[in-house]
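Let's take a walk through this model together. We will visit a pocket, some helix packing and an aromatic pair.

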Amino acid sequence: MVADDERSKLMSAHRERKPFDVETGRPIARTAKAVDVNWFDFAVKYVNWKWPRASGNTRKNMAKALTTATVALLRTPLPAHFEPVKVRTALREYAFNGKRRIDPDKPVPAEVQTILDWVQRNVLPMSAWEKTETVDKVVTALGTLLDGTAAAASSVVRNDRIMNLVMGYAIRHNYLKANPLPKGKGERTASRVAPAVDKRCLLNRDLVAKVLDWIGGRPRRGSL
């Protein structure tokens with residue numbers, strides 16, 4: 001029934017000659033806000049909304065998660081003259097810092113502003129979240145460290161929680177129709193690593209021998 005209803009709406013839009021978004025395949029009238037607003041502008045708006053009520057630790061983790069997502073959502077590779085570390089710093093310390101970005105006493109450095117302006121021009125629109133490959137790319141980035149290894153399970157869970165809050169905000173403000181993030185854990189959760197065994201907690205040969213001798217000297221009880 002749901003599929004039939006959705007097909008009916010699409011056919012109706014086609015008969016009325018409404019324009020369709022070439023990336024999502026949906027009528028532009030239904031996704032205008034998502035198409036018109038890019039991810040960077042949306043993320044900055046979210047930070048402005050969240051910042052006053054967030055703790056210092058929440059602000060830091062939010063900036064980190066949004067930085068990773070933003071880099072993953074760039075439509076083109078970074079220019080050769082942009083150092084990846086400086087790009088991430090510009091996003092984390094300025095774009096997604098509700099205080100430093102608008103501090104009248106300490107304006108954003110020209111080099112940082114140049115980076116942020118480039119990112120704003122080259123990031124994907126919010127409608128990109130409706131594409132599975134885009135979502136997969138962001139989810140993978142959020143679960144991977146800069147050296148390519150898997151992030152700790154705690155980091156993955158934290159990023160997952162932050163991004164779900166971001167998606168909730170996007171839905172409430174009509175940027176998205178539904179949360180595009182995976183519902184189950186799947187590949188979002190890093191595998192748990194068994195803790196290393198402290199050798200100091202293990203019995204050495206002499207202690208094992210003494211324990212066995214003690215057990216052997218205990219009186220037997222019950223029938224064999």
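## The largest pocket

The largest pocket holds about 510 Å³ of space. On a 1 Å grid over the protein atoms alone, a pocket is an open set of points where a 1.4 Å probe fits, with protein on both sides within 12 Å along at least five of seven lines, and lining residues have an atom within 4 Å of a point. The volume is the space filled by probe spheres set on the points. Of its 19 lining residues, Lys64, Thr68, Arg88, Thr144 and Leu146 are the closest to the centre.

Which helix gives the most to this lining? That is H4, with seven residues. H4, H5 (84–95), H7 (132–142) and H8 (153–172) each supply at least two residues; helices here are DSSP runs (H or I, at least four residues), numbered from the N terminus. By class, the lining has eight nonpolar, six polar and five charged residues. Ala, Val, Leu, Ile, Met, Phe, Trp, Tyr, Cys and Pro count as nonpolar, Asp, Glu, Lys and Arg as charged, and the others as polar.

## H3 and its neighbours

H3 (residues 39–50) packs on H4 (residues 56–72) at an angle of about 175 degrees, with the axes 11 Å apart. That makes the two helices roughly antiparallel (an angle over 145 degrees; 65 to 115 is roughly perpendicular). Axes are lines fitted to C-alpha atoms over the stretch in contact, and angles run from 0 to 180 degrees between N-to-C directions. Trp39, Ala43, Tyr46, Val47 and Lys50 of H3 meet Met62, Leu66, Ala69 and Thr70 of H4, where contact means heavy atoms within 4.5 Å.

With H8, H3 makes an angle of about 100 degrees, the axes being 11 Å apart. These two helices are therefore roughly perpendicular. The residues of this contact divide into 10 nonpolar, no polar and three charged.

## An aromatic link

The whole structure has nine aromatic pairs (ring centres within 6.5 Å). In one, Tyr46 and Tyr169 have ring centres 5.3 Å apart and planes at 75 degrees, so the pair is edge-to-face (over 60 degrees). Tyr46 lies in H3 and Tyr169 in H8, so the pair ties together parts 123 residues apart in sequence.

## About the model

This is a predicted model, where local features need pLDDT of at least 70 and side-chain atom pairs count only at pLDDT 80 or more, while totals for chains, interfaces and linings use all residues. Residues are numbered from 1 along each chain as its sequence is written, and side-chain values use heavy atoms, leaving out hydrogens and water.

Note on methods
Angles under 35 degrees count as roughly parallel, over 145 as roughly antiparallel, 65 to 115 as roughly perpendicular and the rest as oblique. Rings of Phe, Tyr and Trp (its six-membered ring) pair if their centres lie within 6.5 Å; planes under 30 degrees apart count as stacked, over 60 as edge-to-face and the rest as tilted.
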